[in-house]
Amino acid sequence: MVNHTSSEIVRDLTVQGYALTQGPLNPQEAAALAGTLGTLVPQSTGELTYDIMAHPGFEKVRDTRSAHTLRPHTEAPGQNPPPRYLALHCRVQATCGGGQTMLADAHAFVAGLSDQDRHLVHESELYWPSYVEDADVKGLWKPLVERTEHGTINRLSCTLLRTGGYSEDLDEQAGPHEPPLGAEGVALAQQALDFFQDNKVSVLIPEDAMLIWDNHRMFHSRSAFTDTRRRLTRYWIAD
């Protein structure tokens, strides 16, 4: 029995930026519930769902296919606009105590910046690559905080600001490119990491439950885990 109605989810998203539905939800119910918030849109694979699990061979890379900690980021910042909401349906919960989804409010982070850094996040554009590099999928140039007629869009990838790429080789000190905002961007990434550490909400999603958050407002990351049976199904939702 789902213990959240659509109106309760919208209330929680408005007030705190995220909502946790306890379920239990089967895959069809999870997709239907996510669809009440908007339109489910294809992800980088072209499918409406994406299974998040650790894959052999990605032990040295920091991304969703490994079991390592993920740095704070927003989803699909190279899209215009990025998906408004993300939903994670837990299919198999990690039993090791790790694999928690962590969230923090970008509005509070920006409000606490110095005048110089607020100018940086509002006015300095950087290139956000797409997740899929082909002729039809391009990245774009945008600031970290974009004001639009429909509201504010926050973009972040601490890994991109630090290394110039979304995936980080754990054996390398530098990424594939130079940091896109130079030393100022690297320092801003550290501020975001520090803010996240002090202000994050950690959620170990119950099995068959779903966590939903406002991707234009919330930074998210994930703690490391050792139980590689962990499996989540992700949905991208557009307004």
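**Terms and values in a predicted model**

Author: Strands β10 and β11 run antiparallel and are joined by 4 bridges. A hairpin of 2 residues connects β10 to β11, and Val145 stands opposite Asn154 in β11. This is a predicted model, in which local features need pLDDT of at least 70 and side-chain atom pairs count only at pLDDT 80 or more, whereas totals for chains, interfaces and linings use all residues. Residues are numbered from 1 along each chain as its sequence is written, and side-chain values use heavy atoms, with hydrogens and water left out.

Reader: What makes β10 and β11 a pair of strands?

Author: Two strands pair if DSSP finds at least two bridges between them. β10 and β11 have 4 bridges, so they meet that definition. The names come from DSSP runs numbered from the N terminus: helices are H or I with at least four residues, and strands are E with at least two.

Reader: How do you know that β7 and β15 pair, and in which sense?

Author: Strand β7 (residues 101-105) and strand β15 (residues 218-222) share 5 bridges in the antiparallel sense. Leu103 stands opposite His220 in β15. Both strands belong to an open sheet of 4 strands with the order β5-β15-β7-β13 and antiparallel pairing.

Reader: Why are β5 and β13 called edge strands?

Author: β5 (70-73) and β13 (201-203) each pair on one side only. Neighbouring strands of this sheet are turned by 20° against each other on average, direction ignored. Such angles are taken between axes, which are lines fitted to C-alpha atoms (for helices over the stretch in contact), and run from 0 to 180 degrees between N-to-C directions.

Reader: Which helix lies across this sheet?

Author: Helix α6 (residues 182-199) lies across β5, β7, β13 and β15, and runs at about 105° to β7.

Reader: Why are α4 and α6 called roughly perpendicular?

Author: Two packed helices are described by the angle between their axes and the distance between the axes. The axes of α4 (residues 115-123) and α6 come within 11 Å and cross at roughly 105°. Angles under 35 degrees count as roughly parallel, over 145 as roughly antiparallel, 65 to 115 as roughly perpendicular and the rest as oblique. α4 and α6 are therefore roughly perpendicular to each other.

Reader: Which residues make the contact between α4 and α6?

Author: Contact means heavy atoms within 4.5 Å. Gln116, Asp117, Leu120 and Val121 of α4 meet Glu184, Leu188 and Gln191 of α6. These residues divide into 3 nonpolar, 2 polar and 2 charged; Ala, Val, Leu, Ile, Met, Phe, Trp, Tyr, Cys and Pro count as nonpolar, Asp, Glu, Lys and Arg as charged, and the others, Gly among them, as polar.

Reader: What is the class make-up of the lining of the second largest pocket?

Author: The lining has 6 nonpolar, 8 polar and 5 charged residues. Of the 19 lining residues, the closest to the centre of the second largest pocket are Pro81, Arg84, Ile153, His216 and Asp239. On a 1 Å grid over the protein atoms alone, a pocket is an open set of points where a 1.4 Å probe fits, with protein on both sides within 12 Å along at least five of seven lines, and lining residues have an atom within 4 Å of a point. β11 gives the largest share of this lining, 3 residues.
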